[in-house]
Amino acid sequence: MTNSPFTPGIAPARLPEEALARNFTDLHAPLDGHEALVAADRCYFCHDAPCITACPTDIDIPLFIRQIATGTPEAAAETIFDQNILGGMCARVCPTETLCEEACVREAAEGKPVEIGRLQRFATDTVMAKGVHPFERAPATGKTVAVVGAGPAGLACAHRLAMHGHSVTIFDARPKPGGLNEYGIASYKSVDNFAQAEVDWLLKIGGIEIKYGTALNGDVTMAALQADFDAVFLGMGLGGVNALRAEGETRDGVTDAVEFIADLRQADDLSTLPVGRNVVVIGGGMTAIDAAVQSKLLGAENVTVLYRRGRDAMPASAYEQDLAASKGVRFIFNAMPLEVLGNGAATALRCEYTKVEGRSVQGTGETFDIPADQVLKAIGQTLDGAPDGLKLDGGKIAVTGAGRTSLSGVWAGGDCASGGEDLTVTAVAEGRDAAEDIHMQISKA
Amino acid sequence: MADLTSDFIGIKSPNPFWLASAPPTDKEYNVRRAFEAGWGGVVWKTLGAEGLPVVNVNGPRYGAIYGADRRLLGLNNIELITDRDLYTNLEEIKRVKADYPDRAMIVSIMVPCEEEAWKAILPLVEDTGADGIELNFGCPHGMSERGMGAAVGQVPEYIEMVTRWCKQYYSKPVIVKLTPNITDIRKPAEAAKRGGADAVSLINTINSITSVNLDTMSPEPSIDGKGSHGGYCGPAVKPIAMSMVSEIARNAETHGLPISGIGGITTWRDAAEFMALGAGNVQVCTAAMTYGFKIVSEMISGLSQYLDEKGMSLDDLVGRAVPNVTDWQYLNLNYVTKARISQDDCIKCGRCYAACEDTSHQAISMSEDRVFEVIDAECVACNLCVNVCPVEGCITMEELAAGAMDERTGNVVSPDYANWTTHPNNPGAIKAAE
Ligand SMILES: Cc1cc2nc3c(=O)[nH]c(=O)nc-3n(C[C@H](O)[C@H](O)[C@H](O)COP(=O)(O)OP(=O)(O)OC[C@H]3O[C@@H](n4cnc5c(N)ncnc54)[C@H](O)[C@@H]3O)c2cc1C
Ligand SMILES: Cc1cc2nc3c(=O)[nH]c(=O)nc-3n(C[C@H](O)[C@H](O)[C@H](O)COP(=O)(O)O)c2cc1C
Ligand code: SF4
Ligand code: SF4
Ligand code: SF4
């Protein structure tokens, strides 16, 4: 191949294979044994530790770190998995800078929190590398639960239910389990096919069957699930995407960022993936950042993130913004897309500067064009295909308490349910808590 | 730059930092490099009697305990005295002393507790031109099984007897090195003084087992599955050594007996503390074994800066804290303090709370939003919160002024000094004259 970052249009193999391999290795290398001890030694073992409160799954962080410090990472892993069965993935993908590590007292003390995420990875990797599953299933109860979606919420729910002895069937529309762990998370956060390895390890609990390529509202109906199972949990995530509402949206080269990332995650050979010379990503969240960074790492010459509000309002954390900037991504704030220009294929994006007043964003009338042969839309996902008859709240399935929906016998959690941030760790917490509630309900009968 | 020139029992050295008798001083190569690095003196690795030298184990001889980041806090060893030929050592000592006349060269000796043995070796040592000798009555392992080292150091009569022989057959200063493996350190020091010792040095190493391998059930260091207690040294032993030094310094029988302070000295600050407690100079082993000879540069610059800042001479420093070492019964019971938490410095870890709530006096309150405050009515001023707080200077002990109310006792703080000897709760209290 002779392509380079300067090859016009959308082209694959802009970088040599070694460069691609290097770009897509672990963002944070795992800690080795000594590094883990040094990092663990920094924990103060706080009383009623603020980091625990900040973790959506309430992992007993000081305890697991002390277990690492005393040479028993296996026990540390059990402390983690007890609360968060996807502790391995969370250790890789949690925005710790806005969760546990933000709350760490050493962040207040010296701006350098204990490296909780990396320590969590050290412990969970130790156990997963041994292939042991630390939990045992309770005797079978004869109760059955249907779980829709094999993403973090569905998997956490299914595991907890299986542990309690119930039989779980997971229905997922896609051919592989993991949800966005498999199709969405940035490559460099989850290398070596970790998402699949984690699901295989999780399923060792037994009592969970997954039916792939089986969509609710297509292949199975809500009525059938309600009839055939003692309870139903919906963890279907947000399958839809928002429309851009800019002219020229249908030109070649305009894609959803989520789709672009899914293709990237599923590619066996990164050098076959086409990417633009001039990429513009529209949006300001984690998806926008991930799409921008990965475009750059694939070899795009210019990558720009266009966000319609100011930097302070950007949902992506300062840490993520810095990460993107360090990879050479450029940010344009207070600007919105007007029209994708081009003749068939996109060549440029016409944008307009904005003025933000309270919640409203208005164009100022001043416009500019930026070269764009690829436009990635990262302007939010929406609930898609929720069963009829469920009360919604702000476009998501309305839930109360531990994920109870408006239908009796139906629970929901994760991105598709109201409340909580759209994060892997939140999905795990909600799936787990719903499972406990389901367990309580179906054990009564 | 303060003048660090030291005169310890007539032995001059450019600074008060000597290397203790141990591997760093085991041979000419080491000692020359130590002097080049700036050490003021050395006590040569302990010599044994003429004949076949002792042998060391051929497996590991050290064990260790660590603090955070594998910082070595304590070292233990099962090494014996020099395992090199006596005459080789003597020739080397002579050569090095001749080349470094301004440095202190002390020869450590350990031979059987017989007059003939001492009478034989002392003239050989005298001939090296070394500045003095140190009697190793401290080695707690191996040599003590053969009736030497700590086996002598634990019997004051032997110490006195051997010291006397040395003063008789050797013309220069004699330092007696004491073992800490004894109940009352004043007794061997008194014996050394009676025997005519010019000084004592302390401490030698402490009997210890640093760890047990929980797979093989062998103490470490393990020699073919078995371990033997070793001698403990390094930063961890400093508090024990300093207490012993101060006991000798303030004991009426031994007051004024020069002391060479040893045990865990790692920085200039450690050295200054030993000297304030009465040591005329200091000796270092583990710190050099951990970091190399270069640490002496920091000791020199640090002590010098400190003396300059205080406007003190080295002699002024020696023994300056001794008058403040007293018995518990004389501590002022009218000195009342309370813990104070600086909210600006507090990082809200809650360790003070856990410590006080679970194990002390329930004198720290914790609010919903993690504000930690001292409850004066409960605080006994134990200092535990200060000790466990990870932020230096965040919790302090503030003295209550005379006339203030101690909310815990309901008493007004008295301006007068009063101790246990006159306290009403003391059955043996000395009644003030009516
Ligand atoms: C690009 C991107 C990057 C992200 N990066 C991070 C990150 O770094 N850190 C972080 O914490 N979070 C990140 N997130 C958010 C995180 O991935 C989600 O919050 C999390 O995956 C939500 O889990 P879930 O189980 O609710 O849904 P999902 O992970 O979306 O799983 C839903 C599952 O349901 C299936 N499904 C959907 N509809 C149906 C149906 N009708 N019938 C059957 N099955 C169906 C899907 O196939 C999927 O397997 C990112 C999200 C995106 C899009
Ligand atoms: C490996 C080793 C060997 C030692 N050998 C001797 C010795 O031969 N003679 C002696 O008097 N002290 C010996 N010591 C004791 C040291 O001289 C010193 O008293 C002790 O280590 C305490 O000082 P430190 O804490 O600075 O190490 C030895 C210590 C160590 C670590
Ligand atoms: S799960 Fe995430 S938020 Fe919780 S402790 Fe682990 S890394 Fe931190
Ligand atoms: S807040 Fe930080 S120091 Fe305190 S327990 Fe949590 S990780 Fe440890
Ligand atoms: S130990 Fe110190 S830092 Fe921690 S809560 Fe108490 S006062 Fe604050």
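For the class counts I take Ala, Val, Leu, Ile, Met, Phe, Trp, Tyr, Cys and Pro as nonpolar, Asp, Glu, Lys and Arg as charged, and the others, Gly among them, as polar. This is a predicted model, in which local features need pLDDT of at least 70 and side-chain atom pairs count only at pLDDT 80 or more, while totals for chains, interfaces and linings use all residues. Residues are numbered from 1 along each chain as its sequence is written, and chains are lettered from A and ligands numbered from 1 in the order in which they are written.

**Entry: ligand 3.** I looked up the shell first, counting a residue as near if its C-beta atom, placed from the backbone, lies within 6 Å of the molecule. I find 15 residues around ligand 3, and the closest are Cys55(A), Cys90(A), Cys94(A), Leu99(A) and Cys100(A). Helix H6 (87-93) and helix H9 (116-130) of chain A are the elements that give two or more residues to this shell. My helices (H or I, at least four residues) and strands (E, at least two) are DSSP runs, numbered from the N terminus. H9(A) gives the most, with three residues. By class I get ten nonpolar, five polar and no charged residues around ligand 3.

**Entry: ligand 5.** Here 13 residues form the shell, the closest being Cys346(B), Cys349(B), Arg351(B), Cys352(B) and Cys389(B). Ten of the shell residues are nonpolar, one is polar and two are charged.

**Entry: ligand 1.** I noted 40 residues around ligand 1, with Gly149(A), Gly151(A), Gly179(A), Gly237(A) and Gly414(A) the closest. Two or more residues each come from helix H10 (152-163), helix H14 (257-266), helix H15 (286-298) and helix H17 (424-444) of chain A.

**Entry: chain A against chain B.** Contact for me means C-beta atoms, placed from the backbone, within 7 Å. Ten residues of chain A touch twelve residues of chain B. On the chain A side, helix H2 (33-41) and helix H8 (105-110) give two or more residues, and H8(A) gives the most, with three. That side has seven nonpolar, one polar and two charged residues.

**Entry: chain B overall.** I count 13 helices and 22 strands in chain B. Its C-alpha atoms fill a box of roughly 75 × 60 × 45 Å, taken along the principal axes. Of the 434 residues, 46% are buried; the cut-offs are 20 or more other C-beta atoms within 10 Å for buried, 12 or fewer for exposed and anything in between for partly exposed, with C-beta atoms placed from the backbone.

**Entry: a helix pair in chain B.** Which residues of H8(B) meet H10(B)? Trp268(B), Arg269(B), Ala271(B) and Ala272(B) meet Glu298(B), Met299(B), Gly302(B), Leu303(B) and Tyr306(B).

**Entry: Arg408(B).** I found Arg408(B) in the loop between strand E21 (405-406) and strand E22 (411-412) of chain B. Is Arg408(B) buried or partly exposed? Arg408(B) is partly exposed, because 17 other C-beta atoms lie within 10 Å. Leaving aside neighbours within four places in sequence, Arg408(B) is in contact with Asp376(B), Ala377(B), Glu378(B), Cys379(B) and Val380(B). The C-alpha atoms of Arg408(B) and Arg33(B) are separated by 60 Å, and the two residues are 375 residues apart along the chain.

Technical notes
Two residues are in contact if their C-beta atoms, placed from the backbone, lie within 7 Å.
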